[in-house]
Amino acid sequence: MSAALVAKQTGMVFAGPVGSLDSYIDRVSQIPVLSKEDEVALAVRFRSEADLDAARQLVLSHLRFVVHIARGYLGYGLPMGDLVQEGNVGLMKAVKRFDPTVGVRLVSFAVHWIRAEIHEYVLRNWRLVKVATTKSQRKLFFNLRKMKKNLAWLSEAETAAVARELGVDVADVREMEQRLSARDMSFDRPRKATKKRLTRPPCICRPAMPIPRSKWSARSGKRTRAIAWNWRSRSSMNAAAAY
């Protein structure tokens with residue numbers, strides 16, 4: 001099928017609003033697949049002339065493959081729409097780096113980029129804390145679950161077999177198995193309710209002693225005379241400063 005006919009049918013498919021994810025998948029499946037000759041011609045136009053319309057046709061004709069790859073990651077409990085979106089980012093990166101002179105089809109070249117973007121998205125969003133950071137941990141994260149025959153813990157022989165097949169250490173296999181089985185815990189989780197009620201400690205201070213009226217009058221008089229003396233002293237000092 002010629003590139004001009006593919007472009008025309010692609011424009012007709014996305015003429016109106018897409019709507020839900022099911023509508024998007026249905027319309028993507030209607031886009032015809034490019035032949036090898038048309039794919040090479042579009043890739044040459046994009047690399048030599050920076051023709052964005054050629055790159056657009058390359059991307060749109062391979063969107064169905066992104067949906068197919070994204071369906072394989074539904075077991076991680078993440079939204080299908082987000083997986084497809086991240087895969088589309090990988091597809092656009094692949095189109096930008098695709099070299100038609102090598103003799104490889106774009107779909108074979110783009111699989112690596114599509115999976116890489118989806119893997120990064122899964123690792124960022126599967127848990128609050130990133131569970132895999134090194135190359136060996138990433139390999140174990142995406143292969144250990146499907147290599148386990150049941151939900152039980154791996155035996156010594158099975159752990160050694162997995163490590164040998166994936167080319168990693170036995171300690172890395174055990175650590176990743178523990179990480180996959182663990183759950184996120186909040187530092188601010190509420191404490192367990194106790195039957196004991198918190199009460200104030202008993203008061204150990206002595207109560208105030210009443211003062212006889214005679215002593216209270218004497219103390220009041222002394223305090224009044226002291227205040228008057230201070231007021232007179234400040235008044236005389238202010239008057240001297242004024243002169």
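Biologist: What percentage of the 243 residues of the protein count as buried?

Modeller: This is a predicted model, in which local features need pLDDT of at least 70 and side-chain atom pairs count only at pLDDT 80 or more, while totals for chains, interfaces and linings use all residues. Residues are numbered from 1 along each chain as its sequence is written, and side-chain values use heavy atoms, with hydrogens and water left out. Buried means under 20% relative accessible area, exposed over 50% and partly exposed in between (1.4 Å probe, protein chains only). Of the 243 residues of the protein, the buried share is 29%.

Biologist: How many helices does the secondary structure of the protein come to?

Modeller: Helices (H or I, at least four residues) and strands (E, at least two) are DSSP runs, numbered from the N terminus. Along the sequence, the protein reads α-α-α-α-α-α-α-α-α-α-α. There are zero strands, and the number of helices is eleven.

Biologist: At what angle do helix α7 and helix α8 pack?

Modeller: Helix α7 covers residues 106-125 and helix α8 covers residues 135-147, with their axes (lines fitted to C-alpha atoms over the stretch in contact) 12 Å apart. The angle, taken between N-to-C directions on a scale from 0 to 180 degrees, makes α7 roughly perpendicular to α8 (65 to 115 degrees). Its value is about 90 degrees.

Biologist: Which residues does Trp113 contact, leaving aside its neighbours within four places in sequence?

Modeller: Trp113 lies in helix α7 and is partly exposed, with a relative accessible area of 22%. Its C-alpha atom is 9.4 Å from that of Asn88, a residue 25 places away along the chain. Once the neighbours within four places are set aside, Trp113 is in contact with Gly90, Lys93, Ala94 and Arg97.

Biologist: With the side chain of which residue does the side chain of Gln57 make a polar contact?

Modeller: Gln57 is placed in helix α4 (residues 52-60), and because its relative accessibility is 7%, Gln57 counts as buried. The buried residues of α4 also include Ala54 and Leu58. A polar contact is a pair of N or O atoms within 3.5 Å, one able to donate a hydrogen and the other to accept it, and residues adjacent in sequence count only if both atoms are side-chain atoms. At 2.9 Å, the side chain of Gln57 makes such a contact with the side chain of Asp53.

Biologist: What is the phi of Ala50?

Modeller: Most residues other than glycine have a negative phi. Ala50 lies in the loop between α3 and α4 and is exposed, with a relative accessible area of 54%. Although Ala50 is not a glycine, its phi is positive, at about 55 degrees.

Biologist: How far apart in space are Pro32 and His62, C-alpha to C-alpha?

Modeller: Pro32 is found in the loop between α2 (21-28) and α3 (36-49). With a relative accessible area of 11%, Pro32 is buried. Pro32 and His62 are 30 residues apart in sequence, and in space their C-alpha separation is 9.1 Å.

Note on methods: Parallel < 35°, antiparallel > 145°, perpendicular 65-115°, else oblique. Contact = heavy atoms within 4.5 Å.
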